[in-house]
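Me: I'm new to this one and would like a quick tour. Can we go through it question by question?

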Amino acid sequence: MDYRGIFEEAVDALRQEKRYRVFADLERIAGSFPRAIFRDSADNAREINIWCSNDYLGMGQSERVVKAMQETAGKLGAGAGGTRNISGTNRPLVELERSLADLHRKESALVFTSGFVSNEAAISTIARLLPDCVILSDQLNHASMIAGVRLSGMQKQIFRHNDVAHLRELLSAIPRQRPKLICFESVYSMDGDIAPIEAIADLAEEFGALTYIDEVHAVGLYGPRGGGICDRDNLMDRMDIIEGTLAKGFGVMGGYIAANQSIVDAVRSYAPEFIFTTALPPALCAAARTSIEHLKSSQVERDMHRRQAQRTKDVLSAAGLPVMHTDTHIVPLIVGDARLCKAASDMLLEKHNIYIQPINYPTVPKGTERLRITPTPLHTDEMIDELAEALLNVWTALDMPRDIDMSQLTAKKLNSGDLTLPTIGG
């Protein structure tokens with residue numbers, strides 16, 4: 001058996017489809033974000049601007065966040081020492097979970113090593129503990145949520161993306177006494193659209209379902225204290241489980257859930273992804289808590305973030321580039337072809353020192369390939385103007401389409417997901 005050949009063939013298939021991913025060798029420069037040092041295959045180094053980071057507010061570069069990490073590592077060491085069940089809980093982690101519970105106005109919170117793990121562990125565990133549970137999952141939920149749904153082994157029903165009428169139809173066919181778990185996101189990271197949270201909460205109340213919302217692309221960025229879209233719209237008390245990340249708006253690492261004490265305690269006690277995993281190191285916990293507490297009281301970052309995201313949309317749209325409309329900080333620039341998308345990304349990096357990773361299938365449906373731009377408060381007006389000029393140069397050089405029917409993208413998006421077995425991730 002040629003085992004090596006099997007794997008090489010699998011990877012070659014991705015290369016043929018122009019879906020093979022190459023990591024950019026980057027060194028972020030502390031205090032100079034979004035600038036970074038890029039090294040090519042020959043180890044030549046040059047400075048570039050990053051336009052696709054999920055460190056949405058640049059908090060990973062915050063002096064106070066970095067200082068908290070450094071000081072805590074100096075006092076408590078680099079690692080956590082093991083799982084929390086065996087090695088105990090480090091004090092910064094206890095304080096971090098209290099901070100998260102307060103952020104979302106919940107009784108308790110539980111921290112995991114990543115947002116992917118928190119979704120997979122929480123959804124699968126909660127559903128397994130509910131006898132004969134039915135999971136109702138949005139068609140475009142993230143791969144981590146899909147993994148949790150599958151791992152639960154429970155019956156699943158997929159409702160069309162943000163389609164409240166379809167969700168109602170599915171709920172009405174399930175006996176009232178049967179446990180139900182509705183899983184969805186607040187901000188969908190590829191299209192930048194927002195879920196009808198209040199309407200879903202109304203349905204959950206009407207049909208006796210639990211609600212599970214993923215706020216990973218919203219925490220830190222929205223609401224008077226950075227609690228996400230639910231915080232902004234005063235809906236946190238209507239969500240049973242809120243899941244979030246420490247790696248995007250808060251700029252560090254880790255994932256979490258916040259809920260009532262009984263749910264959190266059950267997940268803590270039953271989820272193998274939590275029980276058998278080494279805890280986050282104290283320094284990461286201290287850094288994350290510092291970021292969260294700062295953003296609870298500071299609106300400066302959110303205001304500037306909103307301004308620069310809107311200015312980026314305005315400038316790129318005025319330049320005649322195919323910008324998809326969003327009501328959030330996500331700025332999708334539609335290409336519609338995997339090969340062109342990769343070529344555009346390469347040209348931006350090679351000729352203009354701008355890094356924007358191409359987004360291709362399976363992250364988005366075929367025919368909706370894009371450059372996903374994420375402005376931050378630290379992108380200056382000058383950088384935005386330079387970005388527009390570089391994009392125009394690339395669009396012209398590659399003869400890329402500018403007149404794209406955005407309504408057709410919606411149709412492709414909704415037709416791409418299998419309502420029985422979803423495959424689209426983020």
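Me: How many aromatic pairs does the structure hold?
Reply: This is a predicted model, where local features need pLDDT of at least 70, side-chain atom pairs count only at pLDDT 80 or more, and totals for chains, interfaces and linings use all residues. Residues are numbered from 1 along each chain as its sequence is written, and side-chain values use heavy atoms, leaving out hydrogens and water. Rings of Phe, Tyr and Trp (its six-membered ring) pair if their centres lie within 6.5 Å. On that basis, the number of aromatic pairs here is one.

Me: What kind of pair do F112 and F274 make?
Reply: Planes under 30 degrees apart count as stacked, over 60 as edge-to-face and the rest as tilted. The ring centres of F112 and F274 are 5.9 Å apart and the planes sit at 75°, so the pair is edge-to-face.

Me: How many residues apart in sequence are the parts that this pair ties together?
Reply: Helices (H or I, at least four residues) and strands (E, at least two) are DSSP runs, numbered from the N terminus. F112 lies in strand β4 (residues 108–112), while F274 belongs to helix α11 (residues 272–275). So the pair ties together parts separated in sequence by 162 residues.

Me: Which ring does the charged end of R15 sit over?
Reply: A charge sits over a ring if NZ of Lys or CZ of Arg is within 6 Å of the ring centre and within 35 degrees of the ring normal. For R15, the distance to the ring centre is 4.2 Å. The ring belongs to Y20.

Me: Which residue in β2 stands opposite R28?
Reply: Two strands pair if DSSP finds at least two bridges between them. Strand β1 (residues 25–28) and strand β2 (residues 35–39) have four bridges and run antiparallel. They form a hairpin with six residues between them, and G31 in the turn has a positive phi of about 90°. Opposite R28 stands A36.

Me: Is α13 roughly parallel or roughly antiparallel to α15?
Reply: Angles run from 0 to 180 degrees between N-to-C directions, with axes fitted as lines to C-alpha atoms, for helices over the stretch in contact. Under 35 degrees counts as roughly parallel, over 145 as roughly antiparallel, 65 to 115 as roughly perpendicular and the rest as oblique. Helix α13 (residues 300–318) and helix α15 (residues 381–397) pack at about 30°, with axes 10 Å apart. That makes α13 and α15 roughly parallel.
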